[in-house]
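Keep the model open beside the text.

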Amino acid sequence: MAKSEIEAVGLTSAAFRDFGDVIQKTSTTPDVFINQGRCGRFHNLANLNFVDGEAGISLFDSEAASAPFRIEMVERHPLGSQAFIPLNGVPYLVVVAEDDDGRPTGFQAFVAAAGQVINIHRNVWHGVLTPIEHPGQYIVVDRIGKGNNLEEHWLEQPLTVSGVTTG
């Protein structure tokens, strides 16, 4: 039987590597200076991966979630990656899972600090957008095109996520 409770940890690039990209500065020195030397560019921090279609930019407004954090359903996008760019500085919960022959397994949970951006790789199981304690607004970059790019999986036993702190 699968675990019914997991503990969330802080989001780091190393811990999240198998599921996606954490988009943040990796050093204090930009890769290149642009715009007459006034803007440092930290180049190519995530890989948008689409089977076909085009990259689209959408705006998501999400209701706040509070403890206890219950995960009843996860989803994945087989045709394209999905990046979440928070706009209002609200920490959010990121739940991801490995795939075992079409079923999510080995759940992990992360707390994305205010301002941390993620790009979830194509075909990775993940929980729904979960801003912590306050509503969140996000720019989402994902695949727009024909075909079904959403697969949902309802858990037989809901998953509870503990250890969610934002301080």
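Helices (H or I, at least four residues) and strands (E, at least two) are DSSP runs, numbered from the N terminus. This is a predicted model: local features need pLDDT of at least 70, side-chain atom pairs count only at pLDDT 80 or more, and totals for chains, interfaces and linings use all residues. Residues are numbered from 1 along each chain as its sequence is written, and side-chain values use heavy atoms, with hydrogens and water left out.

Start with strand E6, residues 69-76. E6 is mostly covered, with six of its eight residues buried (under 20% relative accessible area, with a 1.4 Å probe and protein chains only). E6 pairs with strand E14 (residues 151-162) in the antiparallel sense, over seven bridges. Two strands count as paired if DSSP finds at least two bridges between them. Within this pair, Arg 70 stands opposite Thr 160 of E14.

A pocket is an open set of points on a 1 Å grid over the protein atoms alone, with protein on both sides within 12 Å along at least five of seven lines; lining residues have an atom within 4 Å of a point. A volume here is the space filled by probe spheres set on the points, which are joined across faces, edges and corners. Phe 69, Arg 70, Ile 71, Glu 72 and Met 73 are among the lining residues, and so are Val 128, Thr 130 and Trp 154. By class, the lining has seven nonpolar, two polar and two charged residues. Ala, Val, Leu, Ile, Met, Phe, Trp, Tyr, Cys and Pro count as nonpolar, Asp, Glu, Lys and Arg as charged, and the others, Gly among them, as polar.

Now turn to an open sheet. Five antiparallel strands run in the order E2-E10-E7-E13-E5. At the edges are E2 (20-23) and E5 (54-62), each pairing on one side only. E5 pairs with E13 (residues 136-144) over nine bridges. Ile 57 stands opposite Val 141 in E13.

What space is enclosed? The structure holds one cavity of 30 Å³ or more. A cavity is a set of points where a 1.4 Å probe fits but cannot get out. About 80 Å³ of space lies in the largest cavity. Its lining includes Phe 84, Tyr 92, His 126 and Val 128. E8 (92-100) and E10 (117-120) each give two or more residues, and E8 has the largest share, with four. The lining has nine nonpolar, three polar and no charged residues.

Notes. Buried means under 20% relative accessible area, exposed over 50%, partly exposed in between (1.4 Å probe, protein chains only).
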